Amino acid sequence: MFELRAGEQPFAGLELKFRARGNEQLVYTADQYPGVAVKVHWFDTKLILESLGAEAAAHWLDGTIGAAGRGALRSHGGDMSRRLDNLRAAFGDGHSIPRSCGTIDFPFPGRVLRELGFPEAIDPEATYVIPAPVAVQDWRSLTGGRDLATGTALPDRPSAADVTRMGQKWLERSLPPGFEPELLTRLSPDSTVPEFIAASREHPELAVSARAFIDSARQYTRDTGELFALRGRDNLYFDADGTFHLIDTMGRPAWQNSIDRIHNKLVWIKDHGELPPGLGSLAPIVTTIASLNALADEVGTEPYWELPAVLRPYPWDTYHACINWETDGLPHEKQTPAQRQAVAEATRARRTNPDRGNNLSR
């Protein structure tokens with residue numbers, strides 16, 4: 001479905017071969033450049049076009065796009081370039097961080113767009129030239145090492161006792177130290193963190209590298225407000241010698257989701273006894289932060305983020321009762337028309353300055 005046919009290639013003299021589809025990008029390689037992956041970011045392109053309303057509807061029908069849509073998409077591409085530059089500056093060289101190629105007028109085949117959930121008005125046999133961010137990255141074999149993934153599988157009716165113990169142990173840090181793998185597995189069934197921690201106890205170079213990642217990640221989130229995408233497999237990968245690679249760890253922009261937004265949602269729950277209005281993921285992010293803090297304890301560094309004193313003690317039983325444990329609320333999930341409209345409105349109402357987290361460990 002995602003293979004590009006004759007006449008659909010975007011770059012003269014370069015034949016892209018499909019490798020993988022992610023939640024937010026399509027991955028290709030080319031024989032002309034061995035060891036390089038080309039990543040076409042389609043998900044934000046879809047969100048932005050949906051937020052334009054009638055402007056986008058006209059595009060779907062006649063294959064053109066007006067100035068407003070083109071400007072919004074190119075602005076987004078510029079933001080992604082800056083974010084990748086910031087990520088590279090924070091972590092340094094040698095970690096496989098993608099490099100932006102800017103925004104490219106990419107000739108998306110209609111059948112590809114339809115498979116990605118774009119509107120039914122799209123003709124599967126037509127081609128739609130849409131500005132999309134494109135990045136290049138080392139194409140590497142992920143074998144012989146370990147990935148660190150906090151897990152995408154949702155827990156099966158977690159108990160209030162488990163959620164409370166997780167919060168007190170790894171976010172409030174009010175319980176005695178000591179890793180509890182069974183607790184973390186119950187809250188994130190497919191997490192690789194327990195196996196990773198066990199391996200780090202036997203391989204000191206893995207612990208040293210994990211500590212370096214957490215220290216850099218903590219500083220990056222403090223500086224930018226941005227969170228990391230660590231739930232999926234192979235997003236963060238550690239070679240056998242311990243070197244870590246940020247394969248696909250860049251999360252949402254801070255104006256969409258940030259450490260301050262997570263903090264504010266937790267404040268709202270404590271004050272109102274219910275979730276704040278609007279869409280957005282909470283429980284998986286809180287569990288990811290708890291997982292990073294558990295790892296930080298094991299490798300001997302400060303936590304990635306912890307609850308500020310003003311929120312302690314936290315009503316974790318109320319938090320447990322507020323969460324819809326059957327969905328994480330991410331916009332790539334199947335949604336009702338009302339939910340899709342809420343995502344479009346949130347995308348349209350972009351803030352110019354990202355929130356910044358000030359509750360990070362120093």
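User: Why is the crossing of α1 and α3 called right-handed?

Analyst: This is a predicted model, and the crossing of α1 and α3 in it is right-handed. The term applies because the near helix is turned clockwise from the far one by less than a right angle.

User: Where do the axes of helix α1 and helix α3 lie relative to each other, and at what angle do they cross?

Analyst: The axes of α1 (residues 43-51) and α3 (residues 67-91) come within 10 Å and cross at roughly 145°.

User: How do you know that α1 and α3 meet, and which residues are involved?

Analyst: Contact requires heavy atoms within 4.5 Å. On the α1 side, Asp44, Thr45, Ile48 and Leu49 meet Ala72, Leu73, His76 and Met80 of α3. Sorted by class, this contact has five nonpolar, two polar and one charged residues.

User: Why is strand β2 described as largely enclosed?

Analyst: Buried means under 20% relative accessible area. Six of the six residues of β2 (residues 25-30) are buried, so the strand is largely enclosed by the rest of the structure.

User: What makes both faces of β2 count as covered?

Analyst: In a regular strand, side chains alternate between the two faces of the sheet. In β2, Gln25, Val27 and Thr29 lie on one side, with Leu26, Tyr28 and Ala30 on the other, and all of these are buried.

User: How do you know that β1 and β2 pair?

Analyst: Pairing requires at least two bridges between two strands. Strand β1 (residues 16-21) is joined to β2 by five bridges, and the two run antiparallel. A hairpin of three residues links β1 to β2.

User: What makes β2 and β3 a pair, and what lies between them?

Analyst: Over five bridges, β2 pairs with strand β3 (residues 36-41) in the antiparallel sense. Threonine 29, for instance, has alanine 37 in β3 as its bridge partner. These two strands form a hairpin with five residues between them, and glycine 35 in that turn has a positive phi of about 85°.

User: Why are β6 and β8 called edge strands?

Analyst: The open sheet of three strands has the order β6-β7-β8, with antiparallel pairing. Strands β6 (146-147) and β8 (244-246) each pair on one side only, and they are the edge strands.

User: How do you know that β6 is joined to β7?

Analyst: Two bridges join β6 to strand β7 (residues 236-238), and the strands run antiparallel. Aspartate 147 stands opposite tyrosine 237 in β7.

Note on methods: Residues numbered from 1 in each chain as written. Predicted model: local features only at pLDDT ≥ 70, side-chain atom pairs only at ≥ 80, totals over all residues. Heavy atoms only, no water. Axes fitted to C-alpha atoms, helices over the stretch in contact; angles between N-to-C directions. Helix = DSSP H or I, 4+ residues; strand = E, 2+ residues; numbered from the N terminus. Nonpolar A, V, L, I, M, F, W, Y, C, P; charged D, E, K, R; others polar. Buried < 20%, exposed > 50% of the residue type's maximum accessible area, 1.4 Å probe, protein only.
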